[in-house]
Structures are given as structure tokens and as C-alpha cells.
Amino acid sequence: MAPQREWFEKDYYAVLGVEPGASDREIQRAYRRLAKANHPDANAGDTAAEERFKEVSAAHDVLGDSEKRREYDQVREMVASGVGPGGFGPGGSGGFNGFAPGFDGATFHFDDGGGLGDLLGNLFGTRSGGRRRGGRGATGPVRGADLEAELHLEFVDAVHGVTTTVGVTSDAPCPVCGGSGAEPGTFPQPCPTCGGTGAVAVDQGPFSFSQVCPTCGGRGEVIEHRCKKCRGTGVERRRRDVKVRIPAGVADGQRIRVKGRGGAGRNGGPPGDLYVVVRVGPHAIFGRRGKTNLTVKVPVTFAEAALGSQVKVPTLDGPVTVKVPAGTQSGKTVRVRGRGIQPAKGEPGDLLVTFDVVVPTELDDDQRAAVAALAERLPGNPREKLGV
């Protein structure tokens, strides 16, 4: 990954509101909070929130990737030491004013074993010994932004999996020009200034840098007849429905990546990805424990619990018969193997049945007498261990 020019200018840690030494978990937590607060779907017509969402997404794209973050930290160290994208020194003038007095420019080499030289070489396309490095790939196509959307699912749909759609508002390829930026029937032409490379060479003493072509802006091509719909950008902002396949057993809060369905790329760049955050609603009967186990509470009578019995309990695939052991206490849990959630991969979970002994709240005279007679025959004091 070649460092981007924006890395010199943007403090992505400040954008996310975290310290430079923040953990990956802290970065993810900050990103999700800010992305949710500034998401375009939640701030319709708020251009400031939209721009903030783009900044947050760009910061996460870098800091959320360990390799990009490592290179970004190197760039920020260079910025702190006074090296800027326009040259060597705080002024960015292209001279050597950022180095100590007496520095001999002829002794500085970019081939320094992968440190500063490689970093600047990747960014500016340096040439050493007449060999040009970099080019259009470093300055032209721009990958689209990653997007995030929430999807609310019913409990059963999350358990069994479902194919559905989510609505997102983002940059998308222009439907008129197909993303080319040119009017239908016309095509972009190679840039006459850079010959289609997207960059021009600028000699600065012993160094030669590749800079973005001023004619085409790094695209490598020019558009003579711009598309009237998108004004030559190749993209337009609109709401669209994205088809998403949710795997069986998805958990609440899980993020599903939909490759290539994020924001549209620019200058021929690839689209970003869409991350769908799943929110699973509660079920009237079942609960969930872990990834694959279901839970259910089943009422039983005093007689069923005391004497033991066979009772029917619900599952997602129809009722099954479960044994209630004699002397079952309220809150006892038994396991019904294989009756939990069947994930997309792996073995199914279990159904955890918790018995709840129901005590009658109203008794007629005959029932009251029967319970009183039973109480006289039951041995022991259940509170004896409490000393009362």
C-alpha cells in the first residue's frame, strides 16, 4: 500500500477521537459510534454530517488495517519532524531547508533499505538512476469509501438465515455514462500532457519526483464531452437497495461484509465495501445463549415436578417430549441436544430447557384440604439449615 498524500495532512486519530496508541478494539468502538451518529440515513440533508461520515470512514479505512496503520504512523512521524509532501522541510518548498545546516544533498539516497526513501518513493514516484517508480496507480484511480448500514431482523430469520436488501445512500456509478464521466457515444481520451500516466516528472536537483498531472488531475485521461448527468465525475449520490445474504445463526451486532457494494470509486478506482451490522429482535418464547444454543422456560405443575413426568416443549422445528425427573426443583435446566441453532458451518447447538414449577394462586376447599393433608405427611423443615 503506497502512502497517500492526505496522510500528511489528516490526523486520523483526532478524527476518531482516540490516542495514537489506541488498541484495535478502541478504534473499532470509536468508528462505530461516530459512523452511526453521522450516517447519511440518520441525517438526511445534513451536508456537515455527510462530510463528517466520509472523514470517519476514511480514518477507519487506514487505522482499521494494521499494515496501513503502520505506514500511516511512519508518515506522521515524518510530519512531526518537518518533512512534508511538497519537499523536505516545514515549508514544503522542495529544497533541503528541513535538514541540518551543512547537509550535503549529494550524499542523500532514497535507496536506504526501506525507511524514509521507500516511503517517499512510494508517495511521489521517485526516479533513481533513470528508473521511474510509481505512476498512474499512485495518483489516478481512487477506491470508493467503505459504508456501514444496519439491518433489523426477526429472531427466526436470524436463526435460519435470510436473503434480503438494505438501503444505502452513497456515491454510485452514474446511470447515464456508466461511470466514465463522458457523454454517451463519446469516450475519455489519453491526456496529452502526461501521455496517460497521470503524472509528470519534476526535477529537483539530484532528485526527480512524479507529481500529479495538472491537466488530468492524475486520471491519465481527459473528457472532452462531459456527461450532463454527473458533470464528468462518473458518480452520483443516490439511495439504492443492496442485496445481502445473511448466514444462518447470525448474532446480534455481527458485521457482514458485502464486497464491492460500498461507495463508487473515482477515476476508474474500485468500489468500497459495505458492512451490514445486524440487529436481532427478541423472540416471545426463545432466548439465546452463546452462538448456537437456544433457551426456553417451561412451566410444570407441582405434581409433575414432584412425581416426575413427560412434558412437551417447543422447538423452532416443532414440539418434542422431554422427561421431567422426579423431585425437579424450579429453575432446573435440562439439555435437548441438537435442537438449537444450526449455523451455516458446523454442528447444531442445543436447546436448554429450564423448568418453572407453578404454584397455584387460587384453591377451592377440596384442593386446600388435599394440600393441607399432604403437608402433614411431608417430612422435615426446608429451612433447618438456616437455623430457623
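Reader: Why is Glu67 called partly exposed?

Author: Glu67 has a relative accessible area of 35%. Buried means under 20%, exposed means over 50%, and partly exposed is in between, with a 1.4 Å probe and protein chains only as cover. The value for Glu67 is in between, so Glu67 is partly exposed. This is a predicted model, where local features need pLDDT of at least 70, side-chain atom pairs count only at pLDDT 80 or more, and totals for chains, interfaces and linings use all residues. Residues are numbered from 1 along each chain as its sequence is written, and side-chain values use heavy atoms, without hydrogens and water.

Reader: What makes Glu67 and Arg70 a salt bridge?

Author: The rule asks for a side-chain nitrogen of Lys or Arg within 4 Å of a carboxyl oxygen of Asp or Glu. Between Glu67 and Arg70, the N to O distance is 2.6 Å. That is within 4 Å, so the pair is a salt bridge. Arg70 is partly exposed, at 40% relative accessibility.

Reader: Where do Glu67 and Arg70 lie?

Author: Both are in helix α5, three residues apart, or about one turn of the helix. Helices are DSSP runs (H or I, at least four residues), strands likewise (E, at least two), and both are numbered from the N terminus. An α-helix has 3.6 residues a turn, so residues three or four places apart point the same way.

Reader: Arg69 forms a salt bridge with Asp24. Which of these residues is buried, and which is exposed?

Author: Arg69 has a relative accessible area of 12%, so Arg69 is buried. Asp24 has 54%, so Asp24 is exposed. Their closest N and O atoms are 3.4 Å apart. The pair links distant parts of the chain: Arg69 is in helix α5 and Asp24 is in helix α3 (residues 24-38), 45 residues apart.

Reader: How many salt bridges are there by this rule?

Author: The count comes to 19. One of them joins Arg279 and Glu150, with closest N and O atoms 3.4 Å apart. This pair also links distant parts of the chain: Arg279 is in strand β11 (residues 274-280), Glu150 is in strand β3 (residues 147-153), and 129 residues separate them. Arg279 is partly exposed at 29%, and Glu150 is partly exposed at 35%. Salt bridges also link Asp61, Lys68, Arg143, Asp146, Arg257 and Asp273 in a network.

Reader: Why is the pair of Tyr13 and Tyr72 called tilted?

Author: Rings of Phe, Tyr and Trp (its six-membered ring) pair if their centres lie within 6.5 Å; planes under 30 degrees apart are stacked, over 60 edge-to-face, and the rest tilted. The count by this rule is two aromatic pairs. For Tyr13 and Tyr72, the centres are 6.1 Å apart and the planes are at 45°, so the pair is tilted. Tyr13 is in helix α2 (residues 12-16) and Tyr72 is in helix α5 (residues 66-80), 59 residues apart. Both Tyr13 and Tyr72 are buried. Ring pairs join Tyr12, Tyr13 and Tyr72 into a cluster.
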